[in-house]
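Dear colleague,

Please find below the structure that I am handing over to you.

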Amino acid sequence: MMLQTPSLQTDRTRLPLTMQMQSGQQDGADIGALIKSALVFLRRQYLMILVTAALASATSMLYLRLVPPTYTAQVQILLGNPRAQFLQQQSLLSEPLVDVAQIETQLQIIKSRATAVAVIKQLALADHPDFKEASSSLSSLQRWIQKWRSNPPEGGQSTKPNQLSENTIAAFLDRLSAGRVSYSHVIEVNFSSSDPQLAADIANAVANVYISDQLSAKFEATRTATGWLQERLRSLGDEALTAERAVNAYRSQNNMVSAGGKPIDEQQINDLNARLVAARAQASDAQVKLKRYESILQSNSTNSSAADLPEALGADVLQSQIINGLRQQYLDFSRREAEWSTRYGHDHLAVVNLRNRVRDTRTSILEEVRRLAESSRNEFEAAQQRLQEQEKQLAQAVSQSRVTNSAELTIRELESRAKSLRALYETFLQHYMGSAQQETFPISETRVIFPASAAQTRSKPKTKVVLAFGLLGGLALGILLAFVRDVMDRVFRTSSQLEAALELPCLSLVPLLLVPKTRRRTIRAQQTHEDLSQRTLSTVPEIHHAVVSMPLSRYTEAIRSIKLAIDHSPAKASNQVIGVTSALPNEGKTTIAASLAQLIGHSGKKVIIVDCDLRNPSLSSSVAPKATAGIVEVANGSRPLEEAIWHDPKTNLAFLPAVRRGTLLHTSEILSAESISKLFDRLRQNYDYIIVDLPPLTPLVDVRVTGSLVDCYVLVVEWGRTKIDVIQHALHTAPMVSDALIGAILNKTDIRAMSRYDARRSDYYDDSHYIRYGFSDA
């Protein structure tokens with residue numbers, strides 16, 4: 001076996017499957033590596049998976065053998081059965097809207113206790129074996145217990161003879177199921193029983209009970225509505241007649257007569273309004289004329305000039321023929337007076353006469369205007385009087401109209417109520433007639449579209465499904481258990497796993513070495529002929545002498561790998577004193593130490609192995625059981641070193657044992673004493689290699705005090721046994737030992753099983769590669 005290169009990277013194929021998958025995701029491993037890792041996992045856990053699958057399959061077959069067959073009958077019911085047109089018109093109840101909520105309601109009605117009780121009584125199922133209390137299911141028993149606790153029977157009362165038990169109803173409902181077929185309006189009712197014909201009869205009975213219940217409910221609702229309508233019609237007829245009589249009585253009482261579709265007082269108000277408008281117009285016109293005349297008289301007083309009179313006359317004044325004639329005369333005299341004044345002079349008699357005539361004409365005009373003003377004043381006063389009279393009449397008419405309007409509102413309210421009652425009466429009368437007709441022809445919105453028949457095959461348990469479920473479930477459970485077992489397998493299986501967990505190089509994989517029983521007996525027999533005087537190791541156990549007796553074995557090659565790693569360790573220039581230890585007892589450290597020493601001695605080097613396991617010197621007990629002096633005696637000076645060392649003539653190996661003389665209480669003090677240090681200095685001068693068999697790290701502290709004695713340490717880890725956490729804790733508590741470690745050894749390795757844990761290096765463990773170079777285990 002060649003030396004393995006130390007590596008701190010984790011080989012995910014040597015870790016449990018969970019660590020492998022996580023490492024694969026982090027490192028970006030290809031799918032092929034993951035598949036290979038999964039196959040390796042199945043290979044090493046196949047036995048548990050197969051056993052679990054076999055047990056699950058056997059359980060499935062036992063279940064099929066013990067569980068009685070069940071047959072299921074199906075019946076289909078259509079919701080929303082269309083009715084004839086004339087029935088829809090005459091129907092008193094509105095058409096039900098078939099939606100999800102309505103369908104769910106119908107499903108609950110089908111699965112209700114009322115339906116179950118009706119079918120059980122109709123088919124006399126209380127005494128059937130499927131529904132007896134003795135054969136009720138566990139769920140029924142639990143419900144009965146809960147009910148008994150909430151309502152305990154008083155005085156030990158039992159179920160009445162004609163009353164169905166709760167277990168019978170519960171057993172019936174457990175076998176009954178109903179559901180909607182896809183998104184249609186079809187409901188499928190299923191019932192399961194051990195008798196196929198009974199299942200079909202019960203399913204059909206459930207459908208018939210449900211449809212009969214629908215018919216009964218509709219008939220009862222129609223009959224109730226018809227009775228209510230009849231009573232309501234009678235009261236509505238009386239109320240309508242009373243309301244109409246009240247209208248006529250109020251109209252007569254208030255003398256409310258209409259002409260042309262309108263009340264008389266309303267027509268009178270309209271006429272008075274028209275007259276009032278005309279009177280206001282006349283009064284306004286008279287006032288305007290009066291003001292005009294007064295304005296003319298005021299502007300043409302005696303102090304005014306006569307020449308301004310024609311311009312002062314307005315259009316209203318000029319409408320008078322007298323004034324027009326006088327105006328013409330006035331204008332003619334004024335023109336002649338102006339001409340004659342120019343011709344004859346201003347003081348001429350003719351001119352003076354004309355001037356007098358002009359003044360007289362002006363005075364006549366003003367007198368005529370005064371007369372017209374007086375006439376207009378009279379007309380204005382008359383118009384004012386008529387206007388006041390019209391306003392008074394209108395106020396009286398409006399006052400009277402207010403009273404009439406109040407009565408009109410009352411009469412309208414009475415007429416509206418009478419009309420509403422009459423219309424309501426007519427509507428109820430139509431519904432009553434339709435209800436009376438429909439009551440003679442009841443019909444349900446549901447019908448059976450596919451009745452149930454006796455099933456030819458059982459519905460459960462289904463053999464193929466149960467067997468497939470058992471097999472697949474067993475495989476899944478087996479894989480799960482194997483996965484848990486793999487995860488919980490917190491021991492070292494591969495070198496990469498050891499390197500990743502301890503951050504140490506794996507020096508070698510030492511295979512498990514089994515010595516035949518015949519050789520053991522021979523060895524024990526030879527141990528009785530030991531030469532005690534020469535302290536010769538003539539009866540070394542075969543397991544400690546394997547490197548000499550089997551030089552071409554895989555075990556020996558693994559020991560050579562350890563020796564090569566010690567010689568070429570980069571930690572120190574010289575590793576003369578090598579300490580061999582382990583985390584726990586019985587991991588094979590003593591065997592490794594003895595084999596390494598045998599190999600070095602057989603190669604011609606001077607080597608001594610020192611047993612420093614003072615509390616349990618197992619190497620001394622097996623190699624030199626008759627030794628009377630050892631390392632303790634040499635250290636305290638009671639015996640010289642030469643008298644304590646034993647020799648192996650085959651390999652030139654020297655051995656310094658540890659003699660057990662009672663219980664040693666302070667072994668750590670002995671190993672840390674100066675005398676032991678001086679002893680090792682003497683050994684360094686006399687030997688090329690000093691192999692020290694140390695006690696384990698976890699139970700004792702002796703190894704921690706050997707840092708000044710040992711150049712390097714080799715940690716022995718038992719394959720498939722030593723827990724990872726234990727070794728990590730042991731190294732954490734011994735930092736001096738951890739710093740001086742050159743590597744670890746996987747001891748007692750099952751080489752054939754390694755291929756199940758190391759997918760990428762499965763060919764590495766093939767014996768054919770070693771046989772080619774003459775290696776063998778014999």
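The notes below set out what was found.

This is a predicted model, in which local features need pLDDT of at least 70 and side-chain atom pairs count only at pLDDT 80 or more, while totals for chains, interfaces and linings use all residues. Residues are numbered from 1 along each chain as its sequence is written, and side-chain values use heavy atoms, with hydrogens and water left out.

Salt bridges

A search of the whole structure finds 18 salt bridges, each defined as a side-chain nitrogen of Lys or Arg within 4 Å of a carboxyl oxygen of Asp or Glu. Among them are the pairs described here.

K589 belongs to helix 19 (residues 589–602) and D693 to strand 12 (residues 689–693), so the pair ties together parts that are 104 residues apart in sequence. Helices (H or I, at least four residues) and strands (E, at least two) are DSSP runs, numbered from the N terminus. K589 is buried, with a relative accessible area of 6%, and D693 is buried as well, at 0%. Here buried means under 20% relative accessible area, exposed means over 50%, and partly exposed lies in between (1.4 Å probe, protein chains only).

R682 forms a salt bridge with E642, and the closest N and O atoms are 3.7 Å apart. Since R682 lies in helix 24 (residues 674–686) and E642 in helix 22 (residues 641–644), this pair ties together parts that are 40 residues apart in sequence. R682 is partly exposed, with a relative accessible area of 38%, whereas E642 is exposed, at 52%.

The bridge between E367 and R370 has an N to O distance of 3.1 Å. Both residues lie in helix 13 (residues 349–438), where they are three residues apart, about one turn of the helix. E367 is partly exposed, with a relative accessible area of 45%, and R370 is partly exposed, at 39%.

Cysteines

A disulfide is a covalent bond between the sulfur atoms of two cysteines. With the criterion of a pair of cysteine sulfur atoms within 2.5 Å, the count comes to zero disulfides. As for individual cysteines, C612 is buried, with a relative accessible area of 2%, and C712 is buried, at 1%.

Yours sincerely
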